[in-house]
Amino acid sequence: MLPSIDIIIINWNSSIQLRECLEAVASADRQEFRLDKVIIVDNASTDRSLEGLEQIVLPIEIIRNAKNNGFGAACNQGAAISTADYLLFLNPDTKTASDAIDRAVSFMEKPDRQQVGVVGIQLVDSHGKIQRSCARFLTPSTLWCSILGIDKLIKNKSTSYMMTEWDHNNTQPVDHVMGAFYLIRSEIFRSLKGFDESFFVYFEDLDLSYRVKKLGWLSYYLADARSFHKGGGTSENIKATRLFYSLRSRILYGYKHFNPIQANLMMLASLSIEPFTRIVFALLKLSGSQVKETILGYAQLFANLPEIYKSSGS
């Protein structure tokens, strides 16, 4: 029998992107897998993006949340009703090539790839340009480079956790593949109890990849499977809030995986040094809007400090 897949898509006001994503899935080749369900977890959308989806020929199941529960929590909701061999977490701003899922599953099913736990694929933008979507695990040194803005001036493996120095044109093992297309063996996901829900959005996939690695499994990037990925998703119009959640999740990641001294120093620097670093770079780009977004994002971060400390267990 072919291995089974459930595709889990988290929707929050994705509008036409969700429909285009589903239409790409509906037209995908299915020679290497059996599609059991496409599970859409809707985080209280208000844009009517769920209307008319019954017209798409797919085994769609929809979970409707009364409020936005966050990305990781919504993914766990979808996974909880899955019985498939594989889980594919797919962003609604993606459009997979017809053979992409087939290639990913076929790769993981090969006898010599049984230690591969997670697979991601090549992501391209609207111009066909390859996105540098793979990452290394965060370290205190790379975080300091980000806080001080060094990663904006020098992009290499010692300054940035994103693998921007690599052209992503070859298949290879990596620490982490972006959650826009994140294929994982269900047994691993369940053994790790899924995503850590303390991350509302951002870094929850990096945290999961780190825990997958600690269990002895590999993550692989496939260069011969491709998907369009818009990037920014539905959060591009709320950039200050996006910055807040990114900083919040990065701080939580530090408290979870670094020693207390490293985590506290990183937290203090994030609050005292980094706002000024970001504003300086925004001014150098003559971007008044970015200055405003930085100030608003940090205002949200300072207001959320009690909740951050609670979530981190500090």
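Predicted model: local features only at pLDDT ≥ 70, side-chain atom pairs only at ≥ 80, totals over all residues.
1. **Helices H9 and H10.** Start with H9, residues 260-272, and H10, residues 274-284. Their axes lie 4 Å apart and pack at an angle of about 45°. That angle makes H9 oblique to H10. On the H9 side, the residues that meet H10 are Ala-269, Ser-270, Leu-271 and Ser-272. On the H10 side, they are Glu-274, Pro-275 and Phe-276. By class, the contact holds four nonpolar, two polar and one charged residues.

2. **The cavity.** How many cavities of 30 Å³ or more are counted? The count comes to one. The largest cavity holds about 40 Å³ of space. Its lining consists of Gly-120, Ile-121, Leu-123, Ser-133, Val-177, Met-178, Phe-181 and Tyr-221. Which strand gives the most to this lining? Strand E6, residues 116-124, does, with three residues. By class, the lining has six nonpolar residues, two polar and no charged. For background, a probe the size of a water molecule, rolled over the atoms, shows where empty space is left.

3. **Phe-203.** Check the backbone here. Phi of Phe-203 is near 70°, a positive value in a residue other than glycine. Phe-203 sits in the loop between helix H6 (186-191) and helix H7 (204-214). Is Phe-203 buried or exposed? Its relative accessibility is 9%, so Phe-203 counts as buried, the cut-off for that class being under 20%.

4. **Leu-286.** This residue also deserves a look at the backbone. Leu-286 is not a glycine, yet its phi is positive, at about 55°. The loop between H10 and helix H11 (288-303) contains Leu-286. With a relative accessible area of 79%, Leu-286 is exposed, since that class begins over 50%.

5. **Glu-293.** Helix H11 contains Glu-293. Its relative accessible area is 23%, so Glu-293 is partly exposed. Which residues does Glu-293 contact, leaving aside its neighbours within four places in sequence? They are Lys-239, Ala-240 and Leu-243. As for spacing, Glu-293 and Thr-277 are 16 residues apart along the chain, and their C-alpha atoms are separated by 14 Å.

6. **Gln-115.** Where does Gln-115 lie? It is in the loop between helix H3 (100-109) and E6. E6 is the strand that gives three residues to the cavity lining. Gln-115 has 45% relative accessibility and therefore counts as partly exposed. Not counting residues up to four places away in sequence, Gln-115 touches Gly-216, Trp-217 and Leu-218. Gln-115 and Ala-223 are 108 residues apart along the chain, with 19 Å between their C-alpha atoms.

7. **Val-212.** This residue lies in helix H7. At 0% relative accessibility, Val-212 counts as buried. Which residues does Val-212 touch, not counting those up to four places away in sequence? They are Val-118, Ile-184, Ile-188, Leu-192 and Trp-217. Trp-217 is also one of the residues that Gln-115 touches. Val-212 and Trp-12 are 200 residues apart in sequence. In space they are 27 Å apart, C-alpha to C-alpha.

Methods
Residues numbered from 1 in each chain as written. Heavy atoms only, no water. Axes fitted to C-alpha atoms, helices over the stretch in contact; angles between N-to-C directions. Helix = DSSP H or I, 4+ residues; strand = E, 2+ residues; numbered from the N terminus. Parallel < 35°, antiparallel > 145°, perpendicular 65-115°, else oblique. Contact = heavy atoms within 4.5 Å. Nonpolar A, V, L, I, M, F, W, Y, C, P; charged D, E, K, R; others polar. 1 Å grid on protein atoms, 1.4 Å probe; cavity = no way out; pocket = protein on both sides within 12 Å on 5 of 7 lines; lining within 4 Å. Points joined across faces, edges and corners; volume = space filled by probe spheres on them. Buried < 20%, exposed > 50% of the residue type's maximum accessible area, 1.4 Å probe, protein only.
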